[in-house]
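Biologist: Please show me the model, and let us then go through it question by question.

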Amino acid sequence: MLLTLVSAPAFAHTGAGPVDGFVHGLMHPLTGLDHVLAMVAVGLWAGLVGGKARIAYPAAFVGTMALAGAWGMSGGALPGVETGIAFSVIILGAAVALKASPPLAAGTLACGILAIFHGFAHGAEQPENASGLAYAAGFVIATAALHLVGILLAGALAARAPLLARVAGGGLVLAGVALLAG
(Lines give C-alpha, C1' and ligand atoms only; values in the text may rest on other atoms or scores of the structure.)
Protein backbone atom coordinates (compact mmCIF):
# COMPACT_ATOMS: atom_id res chain seq x y z
CA MET A 1 0.00 0.00 0.00
CA LEU A 2 2.88 2.37 0.71
CA LEU A 3 4.15 1.97 -2.85
CA THR A 4 0.84 3.28 -4.16
CA LEU A 5 1.58 6.62 -2.54
CA VAL A 6 4.76 7.11 -4.58
CA SER A 7 3.69 5.58 -7.88
CA ALA A 8 2.26 7.61 -10.70
CA PRO A 9 -1.35 7.27 -11.76
CA ALA A 10 -2.14 4.42 -14.15
CA PHE A 11 0.05 5.73 -16.96
CA ALA A 12 2.14 2.60 -17.49
CA HIS A 13 1.10 2.40 -21.11
CA THR A 14 2.09 5.80 -22.39
CA GLY A 15 5.45 4.91 -23.92
CA ALA A 16 7.03 7.82 -22.05
CA GLY A 17 10.22 7.48 -20.05
CA PRO A 18 13.33 5.42 -20.61
CA VAL A 19 13.40 3.55 -23.90
CA ASP A 20 16.44 1.34 -23.53
CA GLY A 21 15.54 -2.29 -22.98
CA PHE A 22 16.36 -3.20 -19.40
CA VAL A 23 15.57 0.14 -17.75
CA HIS A 24 12.31 0.57 -19.63
CA GLY A 25 11.30 -2.99 -18.76
CA LEU A 26 12.23 -2.41 -15.13
CA MET A 27 10.28 0.83 -14.92
CA HIS A 28 7.16 -0.29 -16.77
CA PRO A 29 5.58 -2.23 -13.87
CA LEU A 30 6.72 0.37 -11.33
CA THR A 31 5.22 3.41 -13.01
CA GLY A 32 1.62 2.29 -13.33
CA LEU A 33 -0.65 2.06 -10.33
CA ASP A 34 -2.56 -0.78 -12.00
CA HIS A 35 0.53 -2.98 -12.19
CA VAL A 36 1.88 -2.04 -8.76
CA LEU A 37 -1.41 -2.88 -7.08
CA ALA A 38 -1.85 -6.23 -8.81
CA MET A 39 1.72 -7.39 -8.31
CA VAL A 40 1.88 -6.42 -4.65
CA ALA A 41 -1.53 -8.09 -4.24
CA VAL A 42 -0.17 -11.39 -5.61
CA GLY A 43 2.56 -11.32 -2.99
CA LEU A 44 0.16 -10.24 -0.26
CA TRP A 45 -2.25 -13.06 -1.08
CA ALA A 46 0.57 -15.60 -1.35
CA GLY A 47 2.02 -14.47 1.96
CA LEU A 48 -1.32 -14.65 3.73
CA VAL A 49 -2.06 -18.13 2.38
CA GLY A 50 1.47 -19.16 3.34
CA GLY A 51 3.25 -22.43 2.77
CA LYS A 52 3.99 -23.37 -0.82
CA ALA A 53 1.73 -20.55 -2.08
CA ARG A 54 4.48 -18.05 -1.18
CA ILE A 55 6.53 -19.49 -4.02
CA ALA A 56 3.88 -20.97 -6.32
CA TYR A 57 1.65 -17.90 -6.76
CA PRO A 58 4.44 -15.46 -7.64
CA ALA A 59 6.24 -18.07 -9.78
CA ALA A 60 3.07 -18.75 -11.76
CA PHE A 61 2.49 -15.04 -12.22
CA VAL A 62 6.04 -14.28 -13.33
CA GLY A 63 6.31 -17.32 -15.62
CA THR A 64 2.99 -16.74 -17.34
CA MET A 65 3.63 -13.00 -17.54
CA ALA A 66 6.92 -13.65 -19.34
CA LEU A 67 5.19 -15.91 -21.88
CA ALA A 68 2.39 -13.41 -22.41
CA GLY A 69 5.02 -10.66 -22.72
CA ALA A 70 6.63 -12.59 -25.59
CA TRP A 71 3.19 -12.85 -27.19
CA GLY A 72 2.73 -9.08 -26.88
CA MET A 73 6.23 -8.43 -28.26
CA SER A 74 5.48 -10.60 -31.28
CA GLY A 75 2.56 -8.39 -32.26
CA GLY A 76 -0.22 -10.68 -31.03
CA ALA A 77 -3.65 -9.38 -30.17
CA LEU A 78 -5.49 -9.61 -26.86
CA PRO A 79 -8.71 -7.63 -26.56
CA GLY A 80 -9.60 -6.03 -23.26
CA VAL A 81 -6.11 -5.91 -21.81
CA GLU A 82 -6.68 -2.85 -19.63
CA THR A 83 -10.01 -4.22 -18.43
CA GLY A 84 -8.32 -7.53 -17.60
CA ILE A 85 -5.65 -5.68 -15.64
CA ALA A 86 -8.28 -3.79 -13.64
CA PHE A 87 -10.20 -7.01 -12.97
CA SER A 88 -6.99 -8.65 -11.79
CA VAL A 89 -6.71 -5.99 -9.07
CA ILE A 90 -10.34 -6.59 -8.08
CA ILE A 91 -9.99 -10.39 -8.01
CA LEU A 92 -6.71 -10.37 -6.11
CA GLY A 93 -8.06 -7.78 -3.68
CA ALA A 94 -11.15 -9.91 -3.08
CA ALA A 95 -8.97 -12.96 -2.45
CA VAL A 96 -7.05 -11.00 0.19
CA ALA A 97 -10.16 -9.40 1.72
CA LEU A 98 -12.00 -12.71 1.94
CA LYS A 99 -8.88 -14.50 3.19
CA ALA A 100 -9.34 -17.01 0.38
CA SER A 101 -7.21 -20.09 0.76
CA PRO A 102 -8.01 -22.30 -2.22
CA PRO A 103 -6.16 -25.51 -3.03
CA LEU A 104 -2.62 -24.67 -4.14
CA ALA A 105 -3.28 -25.60 -7.77
CA ALA A 106 -6.37 -23.35 -7.98
CA GLY A 107 -4.65 -20.30 -6.50
CA THR A 108 -1.62 -20.87 -8.70
CA LEU A 109 -3.81 -21.18 -11.79
CA ALA A 110 -5.67 -17.98 -10.89
CA CYS A 111 -2.39 -16.07 -10.58
CA GLY A 112 -1.21 -17.44 -13.92
CA ILE A 113 -4.42 -16.46 -15.70
CA LEU A 114 -4.36 -12.94 -14.29
CA ALA A 115 -0.72 -12.55 -15.32
CA ILE A 116 -1.63 -12.94 -18.98
CA PHE A 117 -3.03 -9.41 -19.12
CA HIS A 118 -0.07 -7.83 -17.36
CA GLY A 119 2.49 -9.72 -19.44
CA PHE A 120 0.77 -8.94 -22.70
CA ALA A 121 0.62 -5.25 -21.81
CA HIS A 122 4.31 -5.22 -20.92
CA GLY A 123 5.30 -7.00 -24.14
CA ALA A 124 3.09 -4.92 -26.39
CA GLU A 125 4.64 -1.75 -24.93
CA GLN A 126 8.22 -2.76 -25.72
CA PRO A 127 10.00 0.11 -27.46
CA GLU A 128 10.96 -0.71 -31.05
CA ASN A 129 14.66 -0.09 -30.47
CA ALA A 130 14.87 -2.12 -27.23
CA SER A 131 16.28 -5.60 -26.85
CA GLY A 132 13.39 -7.93 -26.13
CA LEU A 133 15.45 -10.04 -23.75
CA ALA A 134 16.75 -7.04 -21.78
CA TYR A 135 13.29 -5.49 -21.67
CA ALA A 136 11.72 -8.75 -20.44
CA ALA A 137 14.45 -9.18 -17.82
CA GLY A 138 13.58 -5.73 -16.51
CA PHE A 139 9.87 -6.31 -16.14
CA VAL A 140 10.40 -9.79 -14.68
CA ILE A 141 12.76 -8.44 -12.00
CA ALA A 142 10.44 -5.54 -11.15
CA THR A 143 7.46 -7.88 -10.89
CA ALA A 144 9.31 -10.31 -8.64
CA ALA A 145 10.38 -7.40 -6.42
CA LEU A 146 6.77 -6.21 -6.11
CA HIS A 147 5.68 -9.74 -5.21
CA LEU A 148 8.36 -9.80 -2.52
CA VAL A 149 7.05 -6.50 -1.13
CA GLY A 150 3.60 -8.08 -0.87
CA ILE A 151 4.94 -11.21 0.82
CA LEU A 152 6.86 -9.12 3.36
CA LEU A 153 3.79 -6.96 3.94
CA ALA A 154 1.69 -10.09 4.52
CA GLY A 155 4.22 -11.33 7.08
CA ALA A 156 4.05 -8.07 8.98
CA LEU A 157 0.27 -7.78 8.82
CA ALA A 158 -0.53 -11.43 9.58
CA ALA A 159 1.40 -11.29 12.82
CA ARG A 160 0.45 -7.82 14.02
CA ALA A 161 -2.79 -6.75 12.34
CA PRO A 162 -4.61 -9.54 10.48
CA LEU A 163 -7.72 -7.42 10.11
CA LEU A 164 -5.66 -4.71 8.42
CA ALA A 165 -4.65 -7.22 5.74
CA ARG A 166 -8.32 -7.84 4.97
CA VAL A 167 -9.00 -4.10 4.90
CA ALA A 168 -6.10 -3.71 2.45
CA GLY A 169 -7.78 -6.33 0.27
CA GLY A 170 -10.97 -4.26 0.32
CA GLY A 171 -8.93 -1.22 -0.66
CA LEU A 172 -7.52 -3.17 -3.60
CA VAL A 173 -11.04 -4.06 -4.72
CA LEU A 174 -12.04 -0.39 -4.60
CA ALA A 175 -8.89 0.62 -6.48
CA GLY A 176 -9.67 -1.97 -9.16
CA VAL A 177 -13.20 -0.60 -9.51
CA ALA A 178 -11.75 2.91 -9.82
CA LEU A 179 -9.40 1.66 -12.56
CA LEU A 180 -12.39 0.21 -14.41
CA ALA A 181 -14.27 3.47 -14.07
CA GLY A 182 -11.31 5.34 -15.53
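Modeller: A term is needed at the outset: a residue is called buried when its relative accessible area is under 20%, exposed when that area is over 50%, and partly exposed in between. Please note also that this is a predicted model.

Biologist: Is His147 buried or exposed?

Modeller: His147 belongs to helix α7, which covers residues 132-160. Its relative accessible area is 1%, and the limit for the buried class is under 20%. His147 is therefore buried.

Biologist: How many residues of α3 are buried?

Modeller: Helix α3 spans residues 33-49 and has 17 residues. From its first C-alpha to its last it reaches 24 Å, close to the 24 Å expected at 1.5 Å a residue. The helix is mostly covered, and its buried residues number 14 of 17.

Biologist: Which residue just after α3 takes a positive phi?

Modeller: Helix α3 ends at residue 49. The phi in question is about 80 degrees, and the residue that takes it is Gly50. A positive phi also follows α4, near 90 degrees, in Gly75. For α3, the residue is Gly50.

Biologist: Against which helices do the buried residues of α4 pack?

Modeller: Helix α4, residues 53-73, has 21 residues and reaches 29 Å between its end C-alpha atoms, close to the 30 Å expected. Its buried residues include Tyr57, Pro58, Phe61, Val62 and Met65. Of these, Pro58, Phe61 and Val62 are touched by His147, which lies in α7. The helices against which the buried residues of α4 pack are α3, α6 and α7.

Biologist: How does Val173 count in terms of accessibility, and which residues is it in contact with?

Modeller: Val173 is part of helix α8, residues 162-181. Its relative accessibility is 22%, and the buried class requires a value under 20%, so Val173 counts as partly exposed. Neighbours within four places in sequence aside, its contacts are Ile90, Gly93 and Ala94.

Biologist: How far apart in space are Val173 and Ala97?

Modeller: In sequence, Val173 and Ala97 are 76 residues apart. Their separation in space, taken from C-alpha to C-alpha, is 8.4 Å.

Biologist: Which helix gives the largest share of the nonpolar patch?

Modeller: On the surface, Phe22, Val23, Met27, Leu30 and Ile141 form a nonpolar patch with about 370 Å² of accessible area together. Phe22 is partly exposed, at 35% relative accessibility, and lies in helix α2. The largest share amounts to three residues and comes from α2, residues 21-27.

Biologist: What percentage of the accessible surface of the protein belongs to carbon and sulfur atoms?

Modeller: The protein contains eight helices and zero strands, and buried residues make up 44% of its 182 residues. Its accessible surface comes to about 8,300 Å². The part that belongs to carbon and sulfur atoms is 74%.

Biologist: What percentage of contacts between residues at least 6 apart in sequence join residues at least 24 apart?

Modeller: Along the sequence the pattern reads α-α-α-α-α-α-α-α. Among the contacts in question, the percentage that joins residues at least 24 apart is 81%.

Methods: Residues are numbered from 1 along each chain as its sequence is written. This is a predicted model: local features need pLDDT of at least 70, side-chain atom pairs count only at pLDDT 80 or more; totals for chains, interfaces and linings use all residues. Side-chain values use heavy atoms; hydrogens and water are left out. Helices (H or I, at least four residues) and strands (E, at least two) are DSSP runs, numbered from the N terminus. Buried means under 20% relative accessible area, exposed over 50%, partly exposed in between (1.4 Å probe, protein chains only). Contact means heavy atoms within 4.5 Å. Accessible areas come from the Shrake-Rupley method with a 1.4 Å probe; for residues, only the protein chains shown count as cover. Patches are made of residues with over 30% relative accessible area and no salt bridge: like charges are joined within 9 Å, nonpolar side chains (Val, Leu, Ile, Met, Phe, Trp, Tyr) within 5 Å. A salt bridge is a side-chain nitrogen of Lys or Arg within 4 Å of a carboxyl oxygen of Asp or Glu. The expected span of a helix is 1.5 Å times one less than its number of residues.
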